[in-house]
Amino acid sequence: MEGPGRMRNGHAAVPGVKRHIVWGPVVGFGLVSLAADVVSDGARPLAGPLLAELGGSALLVGLVTGAAEAAAQGLRLVFGPWADRTRRYWTFTMAGYTLTAVCIPLLALTPFLGAAGLLLAGALIIGDRVGKAVRSPAKTVLLAAAAKPVGRGRGFAVHKSLDLAGALIGPLLVSAVLAATGSISVALAVLAIPAAAALGLLVWLRRRVQDPGTVRATPADAAGADADAGGAAPDDDADAAAPASAGRPPSLLTGSFLLFAIAAFFWSVGLVAFGVISFHLTTTAAVPVAAVPLFYAAAMGAGALGALASGVLYDRAGGAVLLGLPVLITAVPVLALAPGAGLALAGVLIWGAATGIQDSTVKALIADLVPELRQGTAYGVFAAFEGAGALAGGVLYGALYGSRALLIGVVAGLQVLAFVVLLLTMRKARRSRLPVPWL
């Protein structure tokens with residue numbers, strides 16, 4: 001135990017100073033995400049209306065937005081291992097944010113390009129999400145290291161709350177511009193300002209936070225990590241949880257991690273991209289285009305609350321909190337695709353809460369399931385399962401959009417499968433005695 005005068009990580013354990021030191025990087029990354037999400041999530045609710053304005057059908061919207069989410073998730077399978085192999089986490093983080101900062105403002109040009117505008121809009125929407133794939137595994141490794149001293153559940157929850165604050169501000173901003181100008185192009189062009197701010201904040205943070213890729217683990221650190229693991233039984237999960245050592249690293253595609261990734265595939269099919277929801281709001285639920293960003297902003301508020309609540313519960317009660325995720329997702333097509341705006345809003349709020357949990361507490365669990373030197377790869381592999389589910393979900397929602405009852409039944413069945421696989425994951429983790437707070 002540390003006494004009041006002891007040192008931790010080279011800093012005096014003075015309460016006020018300690019809080020500043022351990023929370024500073026977490027908050028810093030949160031502010032970068034806040035500014036970037038003003039851009040990305042400011043444009044996201046306009047994807048459906050923009051593609052519809054350019055002549056896109058429901059199936060095309062489902063394909064583009066599903067492919068975008070698949071790229072955001074699936075390409076992490078490439079960039080996660082690449083970041084681990086090169087150990088240049090900051091390079092990937094900055095490149096990914098730059099891609100988003102370029103693609104989104106360029107969407108403002110698409111209405112002026114005739115038939116080519118639809119093609120360019122689809123490419124830029126996907127390009128924004130490719131930027132997410134480039135940066136996300138590397139940034140999450142940086143964040144996992146920064147959040148460890150404060151508790152990963154809380155650290156990821158606070159980061160996600162700041163992230164979702166940007167996702168709330170962005171739609172409010174574009175809604176105000178739409179209300180004032182009536183132009184989707186102007187609303188998208190305005191997002192160039194927070195895009196520049198996001199890059200400026202990132203450069204500022206880069207000068208103050210060390211890349212963990214430049215720090216090598218010492219034998220003492222590895223021994224300490226083994227002791228923290230509590231001497232887990234010789235099991236494939238126990239091997240995955242142990243620190244990486246000389247020789248071939250342990251496989252991630254075994255035990256609890258693989259089961260968790262399979263569950264993620266099933267729930268991702270049902271967690272439809274918002275582009276389909278926004279298409280429905282403007283074409284069927286009679287919601288004005290200027291109001292669609294307000295719906296999305298409300299969803300981001302619900303997501304922030306969902307992330308905070310599930311993060312705190314994860315640290316206190318364990319990963320069983322994630323069993324509620326398939327239940328929430330089952331309700332999304334029932335409500336979000338209802339013909340009335342009131343029920344649709346309720347569905348949008350549930351969609352937001354599920355998204356917040358998926359993007360925060362789920363990542364905290366992955367960080368506890370795998371060794372630190374494999375986290376970039378793990379996030380990439382896991383995201384590939386989510387991306388495959390997102391692409392399948394985009395096709396599913398687009399193809400069955402006109403058959404709501406059948407769509408609801410298919411999504412419900414997939415979420416039952418997700419729930420069962422999550423239960424199996426919990427059982428496997430308990431039997432393996434992993435250092436994971438399942439109970």
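Which residues are buried in helix 16? In this predicted model, the buried positions of helix 16 are Ala344, Gly347, Val348, Trp351, Gly352, Ala353, Ala354, Thr355, Gly356, Ile357 and Gln358. The helix itself runs over residues 341–358, 18 residues in total, and covers 25 Å between its first and last C-alpha, close to the 26 Å expected at 1.5 Å a residue. Helix 17 (residues 361–369) is mostly covered too, with nine of its nine residues buried. That list takes in Lys363 and Asp368 along with Thr361, Val362, Ala364, Leu365, Ile366, Ala367 and Leu369.

Helix 6 is another one to look at. With 33 residues (115–147), it reaches 47 Å from first C-alpha to last, close to the 48 Å expected at 1.5 Å a residue. There is a bend along the way, though: about 35° at Ser136, with a proline, Pro137, following within four residues. As for cover, 24 of the 33 residues in helix 6 are buried, so the helix counts as mostly covered under the 20% cut-off for relative accessible area.

Turning to the aromatic side chains, the ring search comes up with 13 pairs. One of them, Phe260 with Phe382, is tilted, at 5.1 Å centre to centre and 35° between the planes. This pair ties together distant parts of the chain, since Phe260 sits in helix 12 (residues 255–270) and Phe382 in helix 18 (residues 375–399), 122 residues apart. Both Phe260 and Phe382 are buried. A second pair, Phe279 with Tyr401, is edge-to-face because its planes stand at 75°, with the ring centres 6.1 Å apart. Here again distant parts of the chain are linked: Phe279 belongs to helix 13 (residues 274–283), while Tyr401 is in the loop between helix 18 and helix 19 (404–432), 122 residues away. Phe279 counts as buried because its relative accessibility is 10%. Ring pairs also join Phe257, Phe260, Trp267 and Phe382 into a cluster, which brings back the two partners of the tilted pair, Phe260 and Phe382.

On the charged side, a search of the whole structure turns up one salt bridge. The partners are Arg44 and Asp41, whose side chains meet at 3.6 Å, N to O. Arg44 and Asp41 are both buried.

Val102, Leu106, Leu109, Leu113 and Leu120 make up a nonpolar patch of about 390 Å². Of these, Leu106 is found in helix 5 (residues 89–106). With a relative accessible area of 38%, Leu106 is partly exposed, and so it clears the cut-off of over 30% for patch residues.

Finally, a word on backbone angles. Most residues other than glycine have a negative phi. Arg87 has a positive one, near 65°, and lies in the loop between helix 4 (76–86) and helix 5. Ala286 has a positive phi as well, near 60°, and is found in the loop between helix 13 and helix 14 (292–317).

Conventions: Residues numbered from 1 in each chain as written. Predicted model: local features only at pLDDT ≥ 70, side-chain atom pairs only at ≥ 80, totals over all residues. Heavy atoms only, no water. Patch = residues over 30% accessible without salt bridge, like charges linked within 9 Å, V, L, I, M, F, W, Y side chains within 5 Å. Areas by Shrake-Rupley, 256 points an atom, 1.4 Å probe, with all protein chains shown as cover. Salt bridge = Lys/Arg side-chain N within 4 Å of Asp/Glu carboxyl O. Helix = DSSP H or I, 4+ residues; strand = E, 2+ residues; numbered from the N terminus. Buried < 20%, exposed > 50% of the residue type's maximum accessible area, 1.4 Å probe, protein only. Expected span 1.5 Å × (residues − 1). Bend = angle between axes of the 7 residues up to and from the residue. Phe/Tyr/Trp six-rings, centres within 6.5 Å; stacked < 30°, edge-to-face > 60°.
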